[in-house]
Amino acid sequence: MKTFTDERGIIEDLKVGKDWSVTYISFKKGAVRGNHYHKETTQVDTILSGSFLCKTDRGSQEVFKNQIVSHLPNEHHAYLALEDSEMVSMCFGKRIGENYEEDTFRLTEKEKLL
């Protein structure tokens, strides 16, 4: 299992299957994550605590504890933590575990949502 830590918080794979994964993600207030998309993966995020501004190429919304947000393949998405926050991200498709980078396409500076 893979764990990544930086000034924004922690990303830790909890369980990785053949074509799915469950990942814990923490955010410090003001942290931005995402600003990317996946070509072959559906991402379903459950907010565990805190609140976020979730921005996609379809619009933006504030999301709170117990809400679920889904991102279909090719949907640009990004999160801004409005307070210290946590989520669980479930991915179905190619972007899982050690294959994270194979289906993560970062947005250019000009394309970034947040």
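Strand β4 (residues 32-37) pairs with β11 in the antiparallel sense over two bridges; two strands count as paired if DSSP finds at least two bridges between them. Here strands are DSSP runs (E, at least two residues), numbered from the N terminus. Y37 stands opposite F105 in β11.

This is a predicted model, in which local features need pLDDT of at least 70 and side-chain atom pairs count only at pLDDT 80 or more, while totals for chains, interfaces and linings use all residues. Residues are numbered from 1 along each chain as its sequence is written, and side-chain values use heavy atoms, with hydrogens and water left out.

The open sheet has five strands in the order β7-β6-β9-β4-β11, with antiparallel pairing. β7 (59-64) and β11 (105-106) are at the edges with a single partner strand each, so one side of each has no neighbour in the sheet.

## D13 in strand β2

Now to strand β2 (residues 9-16), which holds D13. D13 counts as buried because its relative accessibility is 8% (buried means under 20% relative accessible area, with a 1.4 Å probe and protein chains only). Its side chain makes a polar contact with the side chain of T23 at 2.8 Å.

## The largest pocket

The largest pocket has a volume of about 600 Å³. Of its 27 lining residues, I11, R33, G34, H36 and Y100 are the closest to its centre. β4 gives the most to the lining, with five residues.

Key:
Helix = DSSP H or I, 4+ residues; strand = E, 2+ residues; numbered from the N terminus. Buried < 20%, exposed > 50% of the residue type's maximum accessible area, 1.4 Å probe, protein only. Polar contact = N/O pair within 3.5 Å; in protein donor to acceptor, adjacent residues only side chain to side chain. 1 Å grid on protein atoms, 1.4 Å probe; cavity = no way out; pocket = protein on both sides within 12 Å on 5 of 7 lines; lining within 4 Å. Points joined across faces, edges and corners; volume = space filled by probe spheres on them.
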